[in-house]
Amino acid sequence: MAIFCHNSPSLLAVLTCGHCVYSSEHGGFAKSVKVIPAMNGENSAPLGTAYALGASIGQSWIDN
């Protein structure tokens with residue numbers, strides 16, 4: 001599963017809030033992002049889990 005969105009129907013994409021993948025206070029981009037679709041509660045992963053292959057965020061969000 002990838003967070004990148006390249007206008008290709010063959011890639012799966014996850015859209016999330018910028019603070020989930022980037023924090024200037026913690027050194028920039030997250031070292032890993034675990035995706036848990038349909039999570040409902042602390043120990044719930046009804047559809048399994050996957051790790052992101054990459055992340056992208058707008059430069060204007062980083063600058064502010």
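Is phenylalanine 29 buried, partly exposed or exposed, and what is its relative accessible area?

Analyst: Phenylalanine 29 is partly exposed, with a relative accessible area of 37%; buried means under 20% relative accessible area, exposed over 50%, and partly exposed in between, with a 1.4 Å probe and protein chains only. The structure is a predicted model, in which local features need a pLDDT of at least 70, side-chain atom pairs count only at pLDDT 80 or more, and totals for chains, interfaces and linings use all residues. Residues are numbered from 1 along each chain as its sequence is written, and side-chain values use heavy atoms, with hydrogens and water left out.

The ring of phenylalanine 29 belongs to one of 2 aromatic pairs in the structure. Its partner is tyrosine 22, in an edge-to-face arrangement with 5.1 Å from centre to centre and 75 degrees between the planes. Rings of Phe, Tyr and Trp (for Trp, the six-membered ring) pair if their centres lie within 6.5 Å; planes under 30 degrees apart count as stacked, over 60 as edge-to-face and the rest as tilted. Tyrosine 22 is buried, at a relative accessible area of 15%.

Tyrosine 22 also pairs with tryptophan 61, again edge-to-face, at 6.2 Å centre to centre and 85 degrees between the planes. Because tyrosine 22 lies in strand E1 (residues 22–23) and tryptophan 61 in helix H1 (residues 59–63), this pair ties together parts that are 39 residues apart in sequence. Tryptophan 61 is partly exposed, with a relative accessible area of 41%.

The wider fold gives the setting. The protein has 1 helix and 4 strands, arranged β-β-β-β-α from the N terminus on; helices (H or I, at least four residues) and strands (E, at least two) are DSSP runs, numbered from the N terminus. Of the 64 residues, 17% are buried. Among contacts (heavy atoms within 4.5 Å) between residues at least 6 apart in sequence, 38% join residues at least 24 apart. The protein exposes about 5,000 Å², and carbon and sulfur atoms supply 53% of that area; accessible areas come from the Shrake-Rupley method with a 1.4 Å probe, and for residues only the protein chains shown count as cover.

As to confidence, the protein averages a pLDDT of 80, and 83% of the residues score at least 70; pLDDT is the predictor's confidence in each residue, from 0 to 100. Over residues 1–8 the pLDDT is below 50, and this stretch has 26 contacts in the model beyond near neighbours in sequence. Strand E2 (residues 28–29) has the highest confidence, at a mean of 92, while strand E3 (residues 34–35) has the lowest, at 87.

Two cysteines complete the picture. The structure holds 0 disulfides, a disulfide being a pair of cysteine sulfur atoms within 2.5 Å. Cysteine 17 is in no disulfide, and the nearest cysteine sulfur, that of cysteine 20, is 5.1 Å away. Cysteine 17 is partly exposed at 43% relative accessibility, and cysteine 20 is partly exposed at 42%.
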